[in-house]
Amino acid sequence: MLGTGIFKGLAVTAKNLAGSFHDPARFVTTQYPEERTALPENYRNFPFLVSEEEKDPMGTLRCVACQICEKECPPQCIYIEKSKDKKPDANGKMQLYPAVFEIDISVCMSCQICVEVCPFDAIKMDHEFEIATADRFNPLLLSRERLAKPNSYFQRIRPAEASEVDSRLAAARKAAEEKAAAAAAAKAPPPARPEAQTKPATERPDPPAGGVKTGA
Amino acid sequence: MSADIPEMDSRLERLPLTLRDLLTAHLPEPWRWIAQSLIAIAVVLAAFGLLFAFLTLIERKILGRIQNRPGPNRVGWGGILQPFADAIKMLTKEDIIPRSADPVLHYLAPVALVSFSLLSLAVIPYGRRLVALDLDSGVLYFFAASASSELAVFMAGWAGRNKYSLLAAMRALAQLISYELPLLLSLVPVVMLAGTLSPSEIVAAQSGWTFGLVPHWYALTPWGFAGFAIFMVASLAEANRSPFDLPEAESELIAGHLTEYSGFKYALFFMAEYFSMCALSGMAVTLFLGGWQSPFAALQFVPSYAWFAIKLLVLLLGFIWIRATLPRLRIDQLMRLAWKFLVPLALINLLTAAFWHLSAGWGTGAQPLRWGIALALVAVPFVLIGRRLSSGLGPRTYRYAAP
């Protein structure tokens, strides 16, 4: 009969209205600033730079200023200047470091290509999203001081990926130490041959460990 | 004027009039009358202004709850001050008049709309002896005032020199004039049976209870129920409320006749919509739901204006509930509903009312027969016309997709 559908619809909305007072399934919004939903681990927003130590972020950046991300970045929002000197990295190997590392996040499109091309696991995607500012210039141009975040932070926001990265880096470090020990034992220059690695070496001009030229 | 308040009413019942007399007692005669009228105007404006403010809040809260979210809850305690925040926002916004618009009409349209919808609030009896303007032909006046709002809507659509506005104004005219007909036809039986056009006397005609339990409201008779239903559907359309909000269909016409309005003028349109919704609901209460009469004889100690307010709020919540439920009609569906469904039913309802009036003298034994015939006169045309209108329209069969 004409009109019965209207009453069915009215019953549905009345059920929703009543349910919103006692049924959590019918009252689903989270009151954002007070309550927050947990972000999924693979949520990504803008990149950050991983540093090993919380105490000395600038001294222990994993980044070696290889500039691959700068070249690969589709909107070209990364600007890097290499350092003049070298500092030892986590493996004790002498590396360049970025004297300037800037990301213009008003240009960044969160594509994650920088993360995918980085051979050093030095740049990762952040979970930080409350970055609104009143000024659209300087506050959105992130310097390396603002980009650097410790590995413990990375462990906290992306536990699965961070532990995978850590175990891979630890294996590489161990291999480098063994190789250094072997080289010290042989008292001879190491043979110039590539070694087996946990990550494919095809895209890596300067892998973090087991390097061909500056090893030991 | 305190002489015409009988002492039989309770103190609470007499409270509004006592207060008014207290304020105006010391004035000489012609001034007292003017002061009393001004007080009535101020009270109606203040009451409906506040009702408008909080109705927007209640509406947003209820719509939110129905859509599984809490609605506005930031300003004040749980969002209770939201209407005032909205008002401040509206008042401080820039008032834009398009360069090619007609400035006079553009300015006049919102003012005219609000004043027409306020005019119609004057004749509704809000309680026993509580009516701002007790006209003998108050019903006629009410519908004349509410019908002139169509003029203001068309003014608004024309003045902006905007195609969306003009299309919306044409739709609005077509819709409002079409629904004027069932609206008026549905209340003709009330006027016929009450024998008067005065709202106060129509309310008085619905007084009394059977066994002290069943009130003699017109909505509880077969013809009155049909008339009430037609009246409510038509007043949804008259008040531009969903599902008949075609004049301001935002998904098709930006904001319809409001496209070129901003700031306070936009707020005035919004206010006029709620005022006319309140006025039409108030008229429906007066005509069909016994006005300020209490539903049970035992509950007469509750003051009459409280009963009116309760009934008004129930109807307004019904409007909100319907808005939350039904999607907007298409313009041809809208016209078909008015001309092929509501108008014939309203005409048949005249016959039902006439039968009810003529069979008033039937004895107690013939009452079931009387009710049966009257109910059949209401239900059979509804089913037949409804079946004819919806034949071939549904339910939809899915030949390729799984249902």
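What follows is a chat about this predicted model, taken chain by chain.

Trainee: Chain A has an open sheet of three strands; what is the strand order?

Mentor: Start from the edges: β2 (78–82) and β7 (141–142) of chain A each pair on one side only. Strand β5 of chain A, residues 98–104, runs antiparallel to β2(A), and five bridges join them. Across that pairing, A:Tyr79 stands opposite A:Glu102 in β5(A). The order in chain A is therefore β2-β5-β7.

Trainee: Over to chain B. How does its radius of gyration sit against the globule rule?

Mentor: Chain B comes to 14 helices and two strands. For its 403 residues the rule gives 22 Å, and the chain's own value is close to that, so chain B is as compact as a globular protein of that length. The radius of gyration of chain B is 23 Å.

Trainee: Which element gives the largest share of the side of domain 1 of chain B that touches domain 2 of chain B?

Mentor: First the bounds: domain 1 of chain B is 1–92, and domain 2 is 97–360 + 371–385. The contact takes 19 residues from domain 1 of chain B and 20 residues from domain 2 of chain B. On the domain 1 side, the elements giving two or more residues are α1 (11–24), α2 (29–66) and α3 (82–92) of chain B. With 11 residues, the largest share comes from α2(B).

Trainee: By class, what residues make up that side of domain 1 of chain B?

Mentor: One polar and three charged residues of domain 1 of chain B sit on the side that touches domain 2 of chain B. The rest of the tally there is 15 nonpolar residues.

Trainee: Last one: how many residues of chain B are in contact with chain A?

Mentor: Chain A brings 13 residues to that contact. By class, they are seven nonpolar, five polar and one charged. From chain B, the number is 14 residues.

Methods
Residues numbered from 1 in each chain as written. Chains lettered and ligands numbered in written order. Predicted model: local features only at pLDDT ≥ 70, side-chain atom pairs only at ≥ 80, totals over all residues. Contact = placed C-beta atoms within 7 Å. Nonpolar A, V, L, I, M, F, W, Y, C, P; charged D, E, K, R; others polar. Domains from an automatic or database assignment. Helix = DSSP H or I, 4+ residues; strand = E, 2+ residues; numbered from the N terminus. Pairing = 2+ DSSP bridges. Rg over C-alpha atoms; globule rule 2.2 N^0.38 Å.
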